[in-house]
Structures are given as C-alpha cells and as structure tokens.
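Could you walk me through this protein in the viewer, stop by stop? I would like to know what to select next and what is there.

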Amino acid sequence: MNDSILTLILLAPLAGAVVVALLPDRGKLSAWLALLTSLATFAFTLHLPAHFIPGQSGFQFEIDKLWIENPAIHYHVGVDGLSVWMVVLVGLLAPAGIVASWNAIKERRKLFYSLFLVQQTAMYGVFLSLDLMVYYGFWELSLVPMAILIAMYGRKEGPKAATKFFLFTFIPSAPLLVAILWLYARTGTFSFVDLRADIATGALPIAGLSWAALAFLFAFAVKVPVFPLHGWLADTFNEAPVALAMVVAGKLGLYSMLRFHVGLFPEQAKAIAPLMIALAGIGILYGACLALVQRDFWRLLAFAAIGHLSLITLGIYGLTFTGWDGAIYQILNNELIDAALFVLFGALELRYATSQIGAYGGLAAKVPQLATLFVISSLAMIGLPMLNGFVGEFMILSSTFAGVSHGWAVTATVGVILSAAYMLWLVQRLFYGPESKMASSTTAGDLRFGEQAILWPFAVLMLAMGVAPMFWINAIETRTGPPGGLAGGSAQVLQIGPAVASAEGGRR
C-alpha cells in the first residue's frame with residue numbers, strides 16, 4: 001500500500017470525475033458519486049499520517065519513475081512533514097465542499113462535480129509533485145476548472161470575476177515556467193531534490209538564480225495573495241460557489257513559497273525577506289482595517305483572509321524555525337476555520353438570499369445551532385486560547401518578536417486585535433441585538449443534517465488542534481540541512497523532521 005498510496009490519491013478523484021462526466025445528469029446522482037469519491041480519497045489520505053515516520057530524513061511514500069526521456073521528466077511524488085498534512089487537508093475539505101453545494105447547485109450538476117473533482121486532483125498534484133514540470137502542470141491545471149466554475153456559477157458577475165482571477169493567477173505563471181526551464185538548461189534535471197543540491201553547492205550563477213527565485217516568488221505571491229497583489233480576491237470570494245471559495249486562496253501559494261522558494265533558493269529568500277516581512281505587516285493591517293468597514297460578509301471574509309494570510313507570510317519570511325512551524329500549522333488552522341465560515345455564510349445566504357450584513361439581526365433564537373457554530377468558528381479565527389487559531393498565531397508572533405523585529409511583531413499583534421473587533425462585531429450584528437425585519441418575516445430552518453455533519457466535526461477538530469497541537473506539529477517541525485541555517489547566512493535547505501534548535505538559540 002505504501003508503494004502505491006500517492007498514485008491512488010491522485011487517480012481516485014480523476015477517475016471519479018470521468019465517471020461523473022459519463023453518467024446522465026439525473027437528480028443528485030452526480031453529487032452522490034462525487035461525495036463517495038471524495039470520501040474514498042479522504043480515506044486514502046489518512047493512510048499517510050497513520051504510516052508517516054516523524055524525524056525520518058528525506059521524502060516518504062516516494063515514487064520516482066521516468067515518464068518522458070527527453071526532456072527528462074519524471075513521475076516523482078512524495079511527502080514529508082511540510083506536505084503530509086496539506087494532502088490530508090485537501091481530502092478533508094473536498095467532501096465538505098460537496099455537501100455545502102448539495103442544495104446550492106441546482107443546474108448542470110454533472111459539470112460542476114466533475115470539474116470540482118478535477119480541481120481536487122490538481123491540488124493533490126501540487127502538494128505531491130517533486131518534479132518541477134509535473135508540479136507546474138498541476139499548478140496550471142488548478143486554475144482552469146476554478147475559472148470555468150466561477151464563470152458559470154457566480155452569483156452576479158461570475159464571468160468578470162473568473163476573468164480577473166484567471167488573468168491574475170495565469171500571467172505570473174509564464175515567468176515561473178521560464179525560470180523552471182532555465183534551471184533545467186543549467187542542470188539537466190527537473191528534480192526538486194537534485195536542484196536543491198545543485199543550488200546549495202553553488203553550481204549555478206548567482207545573477208540567474210536571483211531572477212529565477214524572483215519569478216518563483218512572484219507566481220506564488222499572487223496566488224496567496226500577498227499585498228498588494230490581492231486585486232482578484234474580493235471579487236472571487238464574492239462570486240465563487242462555496243465549494244470553490246474554500247480552496248481559492250492560501251494553501252497552494254503558501255506551500256509553494258516554503259517548498260520551492262525558501263526551499264530551493266535560501267540565500268535569495270534571505271535577501272528578499274525584509275521586503276516580504278514589510279509587505280506582510282502592511283497586509284495584516286490593510287486586511288483588518290478594510291474588513292472592519294465591509295457591509296457584505298463575503299467581502300469581509302476576503303479582506304480578513306488577506307490579513308491572516310499575511311500573518312502566515314510573516315512567519316515564513318521571518319526565517320526562524322518556530323516561525324516556519326507556526327506558519328505551516330497556521331495554514332491548516334486558517335483553511336479549516338475559513339472552510340467552516342464559508343459553509344456557514346453559504347447556509348445564511350441560501351436561507352435569506354442576501355449577503356448584506358445590515359439585513360440580518362437577532363437570528364440566534366431562530367437558528368441556534370448555526371449561531372453556536374458561527375461563534376465557535378469566529379473565536380477560533382481570532383485566536384482564542386484552547387482553540388486552534390491561537391497556537392499558530394502565538395508561534396508566529398513569538399518568533400517574530402524574538403528573532404525578527406519588535407516593530408513588526410507589534411504591528412501583527414495590532415492586526416490580530418482588529419480581527420477580534422470585526423469578527424465580534426459581525427457575530428453581534430448577525431445573531432444578536434434587535435431582530436431585523438428580514439429575520440422576523442422569513443421562515444428559515446436551522447442547519448440541515450448534512451451541514452451539521454460537516455460543521456460539528458470541524459468544531460471538534462478546532463478544539464483538538466488547540467489543546468493537543470503537538471500531534472500535528474511533531475510531523476511538521478522543521479530542521480536545517482547544513483549547520484548555520486538561514487539566520488547564519490550559510491546555504492540552507494528547508495527540510496522537515498524533528499526540530500534541532502530554535503532560531504532564538506535554544507533547543508525546543
């Protein structure tokens with residue numbers, strides 16, 4: 001099973017997409033098939049942490065087979081502590097997205113669910129690929145079904161939002177491809193492992209590496225998005241179906257920054273780190289301040305995402321071990337919390353047909369389970385101790401204060417305080433206070449069984465990740481390759497395994 005599990009994870013959703021596309025579009029048949037496919041794939045992903053060996057060097061469950069002889073492209077996949085939980089996260093969110101779409105998608109279900117499963121295949125491929133051309137293929141593939149589905153199923157201006165999303169995320173991929181081809185021309189390999197070794201030995205010219213690193217970073221920064229490259233995000237959140245909004249931002253770009261920018265180009269990452277830290281600090285405040293003044297809850301969540309993703313970027317480019325651990329853990333936390341909020345916002349919009357915050361008020365008595373789960377998710381988002389959002393935030397902020405800059409640590413802390421302000425205001429406005437005219441005149445039921453089947457396990461997971469974080473962190477703790485690391489200025493390779501020492505000087 002270990003020898004074929006990654007192939008099964010890649011092929012299962014693709015096979016499901018083919019089956020859904022070939023069968024007739026009758027009732028909920030395509031939705032049931034997509035749900036069964038996603039659940040089976042999720043079960044496959046759970047094999048990874050169950051058999052993953054923390055502390056073992058290199059990649060696990062690795063497959064490396066020649067695919068195309070010239071140029072030398074390999075089917076090379078594997079996982080380590082950076083990617084193992086990312087794969088599980090994709091597996092967890094897929095059935096949640098399908099259930100969230102159960103009643104929201106009423107037309108052309110076959111097309112929706114088949115493209116959704118193709119999207120899942122692409123995301124798995126990004127996290128598993130260790131050959132840069134295979135990675136690039138999955139990276140580009142992830143854009144296509146997303147753009148099509150936003151255009152077809154957008155709420156009001158789907159085609160416009162889809163065009164903006166596609167152009168913003170596709171154009172930066174052109175210099176990424178050029179950089180990958182330049183690396184191949186210089187080394188004769190697309191293998192991440194071999195390229196990492198060649199770059200670490202100083203075999204490639206510094207000027208060329210600087211441009212290649214910049215091309216990689218540009219593509220990833222747009223995908224995150226990093227301020228000020230966020231122009232596509234608010235419209236996409238506002239228009240995308242809930243299942244797609246869950247996966248449109250964050251984890252692909254952040255993972256790629258860690259793996260393919262910091263991991264391949266450590267010296268170039270160190271050189272540009274001050275700029276990335278400054279952009280992250282600005283993004284934290286910018287996102288929080290704009291979220292405070294939004295009157296549409298989809299746009300509020302979009303600007304909140306900019307702030308939270310900027311905090312993770314700060315953890316990455318602080319270049320400390322604790323910051324890396326916190327950033328990886330916070331990616332998991334952020335995606336889980338955002339997924340829960342997307343389902344909850346989608347449930348509200350499905351029942352009341354509006355996303356305008358001002359139309360709501362006094363809903364807690366009418367939809368008590370929805371209100372309870374919304375409060376739990378909001379408290380996790382603002383970093384309440386004992387919930388998952390606190391752990392990653394604390395690791396990032398403490399590493400920034402101790403090893404990067406007191407000023408940027410204070411800036412990030414102000415952003416966290418502002419996030420508490422807009423989320424608590426949102427909770428009060430939606431569920432408490434005087435009952436709005438819309439709430440009193442509309443009869444809407446509480447959460448359905450399918451929605452509860454998603455959200456209550458998510459709430460339990462938020463608590464578990466808050467009180468027992470080491471279950472996850474033990475697998476993702478980072479360590480340096482050559483001694484000295486980024487902080488010391490010597491060539492460093494980002495690897496995953498047991499922590500050696502914190503960047504602040506002591507053992508963990």
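Here is a short tour, from the whole chain down to single residues.

**Before you start.** This is a predicted model, in which local features need pLDDT of at least 70 and side-chain atom pairs count only at pLDDT 80 or more, while totals for chains, interfaces and linings use all residues. Residues are numbered from 1 along each chain as its sequence is written, and side-chain values use heavy atoms, leaving out hydrogens and water.

**Stop 1: the whole protein.** Show the cartoon and you will find 23 helices and four strands; these are DSSP runs numbered from the N terminus, with helices (H or I) of at least four residues and strands (E) of at least two. The radius of gyration, taken over C-alpha atoms, is 22 Å, close to the 23 Å that the globule rule (2.2 Å times the number of residues to the power 0.38) gives for 508 residues, so the protein is as compact as a globular protein of that length. Along the principal axes, the C-alpha atoms fill a box of roughly 70 × 55 × 40 Å.

**Stop 2: the inside.** Of the 508 residues, 60% count as buried; that means under 20% relative accessible area, with exposed over 50% and partly exposed in between (1.4 Å probe, protein chains only). Now select Phe216 and Met257, which touch the most other members of the largest nonpolar core, a set of 191 residues. Such a core consists of buried Ala, Val, Leu, Ile, Met, Phe, Trp, Tyr and Cys residues joined through side-chain atoms within 4.5 Å. Colour helix 16 (residues 321–352) next: its 19 residues are the largest share of this core. Back at Phe216, the contacts (heavy atoms within 4.5 Å) beyond four places in sequence include Leu132, Leu176, Phe260 and Phe265.

**Stop 3: two cis peptide bonds.** Zoom in on Asn70 and Pro71, whose peptide bond is cis with omega near 0°. Pro71 sits in the loop between strand 1 (60–68) and strand 2 (73–79). Then move to Val224 and Pro225, also joined by a cis peptide bond, with omega about 0°. Pro225 belongs to the loop from helix 10 (206–223) to helix 11 (233–239).

**Stop 4: two positive phi angles.** Which phi does Phe61 have? Phe61 is not a glycine, yet its phi is positive, about 60°. Phe61 lies in strand 1 and is buried, with a relative accessible area of 10%. Finish at Arg108, another non-glycine residue with a positive phi, here about 45°. Arg108 is in the loop between helix 3 (84–100) and helix 4 (109–128), and is partly exposed at 43% relative accessible area.
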